[in-house]
Amino acid sequence: MIKTPIFPLGRRRPRKAVSDSHGGVGGVVNNPGENSQACFCKPRQCRWRSLWLAGSLVRLQTQTTYRGIVDCMVKIYRHESLLGFFKGMSFPLASIAVVNSVLFGVYSNTLLVLTATSHQERRAQPPSYTHIFLAGCTGGFLQAYCLAPFDLIKVRLQNQTEPVAQPGSPQPQYQGPVHCAASIFREEGYRGLFRGAWALMLRDTPTVGIYFITYEGLCRQYTPEGQNPSSATVLVAGGFAGIASWVAATPLDVIKSRMQMDGLRRRVYQGVLDCMVSSVRQEGLGVFFRGVTINSARAFPVNAVTFLSYEYLLRWWG
């Protein structure tokens, strides 16, 4: 049991800005505390479990050959074996520490700028929800810019339906993440690496604000008087923050994935708005909610552990 210091009513320990050197929560910290090992999984384990589901999600959102997530997973296993679930995982795993460093580092520093108070002064004056939302939106916007090329490569690789490493099977268009990046750059230019970036920014900017507001609100609501949030509170608040943000993000996540696949063989959409209109016209409004269940299911454990890591990092470097 890790004991934490007591602070005044409703006041949480003042936070230092998380620098890039230790902001990669969920991607770097494997053992944030003894309590975290008893809950769900370690951050890296959660990322692995989340990413192999992501391949099914991407296909469900961009292809019309599947009746649902179960049908998608069964067909992937039948035609591509278990290896089919792990396509496109190397780049997300390699980049997650950097992406989380940018997100949490920008969020923390933006919050300090907006509140214009020192750490000591913030003990008596917690940031408002408006400041939290704006800081989250800023972090989400910059995170999306850094994430765009990695996310594009992941989506392209996950949409390849050729069996992996089977003799006599047709060769996939991309042999791996480096070959995929080089091919996109050669065929589509530098801008091709940022295909779908606008949809990604539109997805992440407001939803990351919702992400942090939900987390902070739940922590304040369920933290006993004069105490820091417990590990259980952090886990639950982080999990529901992940669910809330992904429910809000799923419609644009569908559009983002379709924009990223656009141009692989021929251009279909003229832009984000055209993609939205065409998708609704052909498949109805339900297209915007493809994958919302699996997004929510994987969001809870991943973000619960991410926030627990974040809180322990703040305490260690505090």
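The model is predicted, so local features are taken at a pLDDT of at least 70 and side-chain atom pairs at 80 or more, while totals for chains, interfaces and linings use all residues. Residues are numbered from 1 along each chain as its sequence is written, and side-chain values use heavy atoms, with hydrogens and water left out.

Aromatic rings make a friendly starting point. A pair of aromatic rings is described by the distance of the centres and the angle of the planes. Here, rings of Phe, Tyr and Trp (its six-membered ring) pair if their centres lie within 6.5 Å; the pair is stacked if the planes are under 30 degrees apart, edge-to-face if over 60, and tilted otherwise. By this rule there are 12 aromatic pairs. One of them joins F104 and F212 in an edge-to-face arrangement, with 5.6 Å from centre to centre and 80° between the planes. F104 belongs to helix α4 (residues 90-115) and F212 to helix α8 (residues 197-222), so this pair ties together parts that are 108 residues apart in sequence. Helices are DSSP runs (H or I, at least four residues), and strands are too (E, at least two), numbered from the N terminus.

F212 also pairs with Y107, and this pair is stacked, with centres 3.7 Å apart and 5° between the planes. Again distant parts of the chain are linked, since Y107 sits in helix α4 and F212 in helix α8, 105 residues apart. How covered are these rings? The terms follow relative accessible area: buried means under 20%, exposed over 50%, and partly exposed in between (1.4 Å probe, protein chains only). F104 and F212 are both buried; the value for F212 is 0%. Y107 is buried as well, at 1%. Ring pairs extend this picture into a cluster made of F104, Y107, Y211, F212, Y215, F307 and Y310. Helix α4 also holds L103, which is buried with a relative accessible area of 5%.

Some rings have a charged partner. A charge sits over a ring if NZ of Lys or CZ of Arg is within 6 Å of the ring centre and within 35 degrees of the ring normal. R220 lies over the face of Y129, at 4.9 Å from the ring centre, and R298 lies over the face of W246, at 5.3 Å from the ring centre.

Charged side chains also meet each other. A salt bridge is a side-chain nitrogen of Lys or Arg within 4 Å of a carboxyl oxygen of Asp or Glu, and the whole structure contains 9 of them. K256 and D151 form one, at 2.7 Å from N to O. K256 is in helix α9 (residues 231-261) and D151 in helix α6 (residues 129-158), so the bridge ties together parts that are 105 residues apart in sequence. Both ends are covered: K256 is buried at 2% relative accessible area, and D151 is buried at 6%.

E283 takes part in two of the bridges described here. R258 is buried at 6% relative accessibility, whereas E283 is partly exposed at 25% and R290 is partly exposed at 21%. Elsewhere, salt bridges that share partners join D151, K154, R203, D204, D253 and K256 into one network.

The cysteines come next. A disulfide is a covalent bond between the sulfur atoms of two cysteines. Using a cut-off of 2.5 Å between the sulfur atoms, the search of the whole structure finds 0 disulfides. C146 is partly exposed, at 32% relative accessibility, whereas C180 is buried, at 0%.

Finally, what makes up the nonpolar surface patch of about 370 Å²? Y145, F185 and Y190 form this patch. Patches are made of residues with over 30% relative accessible area and no salt bridge, joined within 9 Å for like charges and within 5 Å for nonpolar side chains (Val, Leu, Ile, Met, Phe, Trp, Tyr). The areas come from the Shrake-Rupley method with a 1.4 Å probe, and for residues only the protein chains shown count as cover. Y190 is found in the loop between α7 (177-188) and α8.
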